[in-house]
Amino acid sequence: MKKLMLQTGIIVATLLISISGMAQTLLKQDVQIFPAPDKGMVKYVIEVPHAGIAGDSNKKIEFFAGKYMETDACNSYFLSGEFEKKDLQGWGYQYYVFKTDGNVGMTEMFCQGEKKNTFVPAQSLMTEYNGRMPIVIYAPEGYEVKFKIYKAEPETYQAAEVAVKSTK
């Protein structure tokens, strides 16, 4: 009995691992309608869970491209580059192309100590959250695309009004 339970457990675990691996590669939408990446470029896709119109409307997506490089512990680093928004003709969708010359800027504080491998991003782009449509981004080989999801709290706040004195 114990042997049968162990074998069943191993089979279930193997199936779960297989399914989770497949889920990471399956996309909700067919991104084949987007152009193939140009030579030297990589196509990235961001898909987020759909939470219904009300759930999606209080969220935003921030995405950024960058690459890992050796940095010191005390300076701030930033990659030059920007996202260009393009229309997918005939479909009503957009996609983004990250363009960079590869230059990296940094603050210039004197640092001593060990180096570390850090993700150095370019300026990010904020867009609407839409759980029904993927965000397609093209970036040069050697660069990665990362994203954050922001969610607004349901509370709203009143700004303070500043009274202006009359100068009469």
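Is Ala-122 buried or exposed? With a relative accessibility of 7%, Ala-122 counts as buried, where buried means under 20% relative accessible area, exposed over 50% and partly exposed in between, for a 1.4 Å probe and protein chains only.

The views below show a predicted model, in which local features need pLDDT of at least 70 and side-chain atom pairs count only at pLDDT 80 or more, while totals for chains, interfaces and linings use all residues. Residues are numbered from 1 along each chain as its sequence is written, and side-chain values use heavy atoms, with hydrogens and water left out.

**View 1. The fold as a whole, with 2 helices and 10 strands.** Along the sequence the elements follow the pattern α-β-α-β-β-β-β-β-β-β-β-β, with helices (H or I, at least four residues) and strands (E, at least two) taken as DSSP runs numbered from the N terminus. Of the 168 residues of the protein, 24% count as buried.

View 2. Ala-152 belongs to the segment after β10 (144–151) and is partly exposed, with a relative accessible area of 43%.

**View 3. The largest nonpolar core, a set of 19 residues.** A nonpolar core is a set of buried Ala, Val, Leu, Ile, Met, Phe, Trp, Tyr and Cys residues joined through side-chain atoms within 4.5 Å. Within this core, Ile-46, Phe-63, Phe-83, Phe-98, Ile-135 and Ile-137 touch the most other members. At least two core residues come from each of β2 (59–71), β3 (77–79), β5 and β9, and β2 gives the most, with 4 residues.

**View 4. The largest pocket, with about 280 Å³ of space.** The 16 lining residues include Gln-94, Thr-127, Met-133, Pro-134 and Ile-135, which are the closest to the pocket centre. On a 1 Å grid over the protein atoms alone, a pocket is an open set of points with protein on both sides within 12 Å along at least five of seven lines, where a 1.4 Å probe fits, and lining residues have an atom within 4 Å of a point; grid points are joined across faces, edges and corners, and the volume is the space filled by probe spheres set on them. The strands β5 (93–99), β8 (125–128) and β9 (135–140) each supply at least two lining residues, and the largest share, 3 residues, comes from β5.

**View 5. Aromatic rings, with 10 aromatic pairs in the count.** Rings of Phe, Tyr and Trp (its six-membered ring) pair if their centres lie within 6.5 Å, and planes under 30 degrees apart count as stacked, over 60 as edge-to-face and the rest as tilted. The rings of Trp-91 and Tyr-93 are stacked because their centres are 6.4 Å apart and their planes are at 20°. Trp-91 is partly exposed at 47% relative accessible area, as is Tyr-93 at 27%. Ring pairs link Phe-34, Trp-91, Tyr-93, Tyr-95 and Tyr-138 into a cluster.
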